[in-house]
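Please keep the sequence and the three-dimensional view at hand while going through the numbered points.

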Amino acid sequence: MYACTFTADQVRAAEAPLLDAQTTPDELMQQAAHAVAQVARGMVAPGARVLAVAGPGGNGGDALYAAAELAMSGYRVDALLVAGRAQERALEALRNAGGTVVEDVTGAYDLAIDGITGIGGTAGLRKEYAEVVSALNRLRVLAVDVPSGIDADTGEGGDLYVRAEATVTFGGFRRAHVLSSACGVQLLADIGIGGRHLYETLSDTLPEWSADGPTLLTANRAVAPDFPVPEGIRGLIPAPVPSVEPDAADDKYSGGVVGIRAGSGTYPGAALLCTAGALYATPAMVRYAGPQASEVVRAHPEVVAVGTLKECGRVQAWVVGPGAGTGEAAAEELGALLAAPEPLLLDADAITLLANYEGLLSSLRTREAYTALTPHDGEFARLREAAGLPTRDRVEETLQLAEYLDCDVLRKGRATLISDGHIVYGLDTGHSWAATPGSGDVLSGIAGALLARDGQTSSLIAAATVHAVAAKLAAATKYGDATAPASRIAEFVREATARLNGGNNA
């Protein structure tokens, strides 16, 4: 199950009839503020010191009304008005509840509620807010709608923006909630008026809106918040991950045999890491073809390893490219696999070959069998330039490359984007522990194993989810998080798969 994201214009259009239906002033704002206060209670206990940082707009009003509710339930509350003014009724509510207006961020606050700007804000705040933002970024921050300074549609933050531990939004997720790590944990409250809910209003007109641009669907967030989420408020949920438990009639072939062509004399580790990712992701056979055959078997005796593609037996999908080289011999191998009927996942050096050899790129475009590419941003840029496509924002670029090449594209990063040329799925990994050498090789192996079994876009989404959870588990120690080398990430693929199958992504 995937949650759709919405642009700022879509949200404003959906809010308009609800605002018109209000029977009392600020009715919708107070509902939003109540959700913010609920989450704040989950983050800090009664008696904690809370600072509401409010701008003059609606989000500032949300922050002040939330602070007033907290003040009435035993929290020590202050408010900082960054523009010297704020929504009057919300400010009056704060003062009536015992809250105090302060001139700067001083003292030891346990939590700050960020309501400086809202979804109408552009990327980056004005320099006059630098001191306030610097102070906020040393605190635990709960943002209203989007962290101030983050563009709600693109996730861009410019030079000055607030970094939140959690963000509460309303009705539907914004695109920034997937695209920007500054949002922290994303939480959704479905507010409404007179029985009509904001999400229903958004959903009713979604087909019309989606025609105006790419539809970005949020796939999941890999890790859960470390504080209790109130009832009625939800976060991004994990993407479905298929069970790896064999059925009674299954054997070593029925789970989908994956073939790995990775590694070279220059990068022998790529063969081991990619093979490990596949081996730990599937109960079926893993075949390896390449110059590291003996090293692969020594490390993983379960793998059937040979020296060349011609010697390799039948597979249901191929993974090609990690550390495999970019010379003429590698280009010939890639050309042969592009002409083969099996599903194909291309990573690393294989993507470089596509960018460097026009004939290979043409073969990819005319290929009838399923193909997936897994570039990081640098590889993506080279391939986009080779295809002659324009520079656009990250979502639109991913969509247009997948459409142009007629294949699936998994664009790696803290915000991983996966597109089939029609829709873009966004994965917020929730951490950056996978930003380490060789981690992408492990991901390719996982994805290839899942593609060998199912051969569809959902396999890429599931693979990216398993990889993200495995990286988080790999970083954990009894003393706290530490480094997560790629080999250790591979070792936790099994635990990540089991945790996701069990419905616990904490």
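1. The first point concerns one residue of this predicted model. Arg384 has a relative accessible area of 9%; because residues under 20% count as buried, Arg384 is classed as buried.

2. Where in the secondary structure does Arg384 lie? Arg384 belongs to helix H14, which runs over residues 377-387.

3. The surroundings of Arg384 deserve attention next. When neighbours within four places in sequence are left aside, Arg384 is in contact with Leu389, Pro390, Thr391, Glu397, Gln400 and Leu401.

4. Which side chains make polar contacts with the side chain of Arg384? One of them is the side chain of Thr391, at 3.2 Å. The side chain of Glu397 also makes a polar contact with that of Arg384, at 3.4 Å.

5. The buried residues of H12 are Asp349, Ala350, Ile351, Thr352, Leu353 and Leu354.

6. What covers the buried residues of H12? The cover includes three strands, namely S17 (317-320), S18 (344-346) and S19 (371-373). It also includes the helices H11 (328-338), H13 (358-366) and H14.

7. The protein as a whole may now be considered. Its secondary structure comprises 19 helices and 24 strands. The radius of gyration is 25 Å, close to the 23 Å that the globule rule gives for 506 residues, so the protein is as compact as a globular protein of that length. Along the principal axes, the C-alpha atoms fill a box of roughly 80 × 50 × 45 Å.

8. Of the 506 residues, 57% count as buried. Among contacts with a separation of 6 or more, 70% are between residues 24 or more positions apart.

9. The last point concerns surface and charge. The accessible surface comes to about 20300 Å², and 50% of this area belongs to carbon and sulfur atoms. There are 38 positive and 60 negative side chains in the protein, and the centres of the two sets lie 5 Å apart.

Definitions and conventions. Residues are numbered from 1 along each chain as its sequence is written. Side-chain values use heavy atoms; hydrogens and water are left out. Helices (H or I, at least four residues) and strands (E, at least two) are DSSP runs, numbered from the N terminus. The radius of gyration is taken over C-alpha atoms; the globule rule is 2.2 Å times the number of residues to the power 0.38. Buried means under 20% relative accessible area, exposed over 50%, partly exposed in between (1.4 Å probe, protein chains only). Contact means heavy atoms within 4.5 Å. Accessible areas come from the Shrake-Rupley method with a 1.4 Å probe; for residues, only the protein chains shown count as cover. Lys and Arg count as positive and Asp and Glu as negative; His and the chain ends are not counted. The place of a charge is taken as NZ of Lys, CZ of Arg, CG of Asp or CD of Glu. A polar contact is a pair of N or O atoms within 3.5 Å; within protein, one must be able to donate a hydrogen and the other to accept it, and residues adjacent in sequence count only if both atoms are side-chain atoms.
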